[in-house]
Amino acid sequence: MNFDKLSLLAKEGDADAVLEILEMYKPLLIKNAIVNGRFDEDLYQELVSTLLQCIQRFCMSE
């Protein structure tokens with residue numbers, strides 16, 4: 001499934017679509033949650049939250 005369709009489904013509340021997007025971006029989220037060589041769980045959760053907010057705000061409906 002392409003990202004546009006996946007993001008629309010996620011915006012509409014499809015839990016499977018949300019999980020698929022989170023899995024797609026998980027490596028990037030983890031990479032950005034490493035501070036001074038240590039994984040910061042709180043930062044990771046903030047990044048996940050921000051990604052979910054972006055899906056709700058910026059994904060356009062058809």
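Figure 1. Phe39 is partly exposed, at 41% relative accessibility. This is a predicted model, in which local features need pLDDT of at least 70 and side-chain atom pairs count only at pLDDT 80 or more, while totals for chains, interfaces and linings use all residues. Residues are numbered from 1 along each chain as its sequence is written, and side-chain values use heavy atoms, with hydrogens and water left out.

**Figure 2. Aromatic pairs.** A pair of aromatic rings is described by the distance of the centres and the angle of the planes. Rings of Phe, Tyr and Trp (its six-membered ring) pair if their centres lie within 6.5 Å; planes under 30 degrees apart count as stacked, over 60 as edge-to-face and the rest as tilted. By this rule there are two aromatic pairs. Phe3 and Tyr25 are edge-to-face, at 6.2 Å centre to centre and 70° between the planes. Phe3 belongs to helix 1 (residues 3–11) and Tyr25 to helix 2, so this pair ties together parts that are 22 residues apart in sequence. The pair of Phe39 and Tyr44 is tilted, because the centres are 5.6 Å apart and the planes stand at 50°.

**Figure 3. Nonpolar surface patch.** Phe3, Met24, Tyr25 and Leu28 make up this patch, with about 350 Å² of accessible area together. Patches are made of residues with over 30% relative accessible area and no salt bridge; like charges are joined within 9 Å, nonpolar side chains (Val, Leu, Ile, Met, Phe, Trp, Tyr) within 5 Å. Accessible areas come from the Shrake-Rupley method with a 1.4 Å probe. A salt bridge is a side-chain nitrogen of Lys or Arg within 4 Å of a carboxyl oxygen of Asp or Glu. Helix 2 gives the most to the nonpolar patch, three residues, and Met24 is in helix 2. Met24 is partly exposed at 45%, Phe3 at 34% and Tyr25 at 31%.

**Figure 4. Negative surface patch.** Glu12, Asp14, Asp16 and Glu20 gather here in a patch of negative charge. Glu20 lies in helix 2 (residues 15–32) and is partly exposed, with 37% relative accessibility.

**Figure 5. The protein as a whole.** Three helices and two strands are present, in the order α-α-β-β-α from the N terminus. Helices (H or I, at least four residues) and strands (E, at least two) are DSSP runs. Of the 62 residues, 24% are buried.

Methods. Lys and Arg count as positive and Asp and Glu as negative; His and the chain ends are not counted. The place of a charge is taken as NZ of Lys, CZ of Arg, CG of Asp or CD of Glu. Buried means under 20% relative accessible area, exposed over 50%, partly exposed in between (1.4 Å probe, protein chains only).
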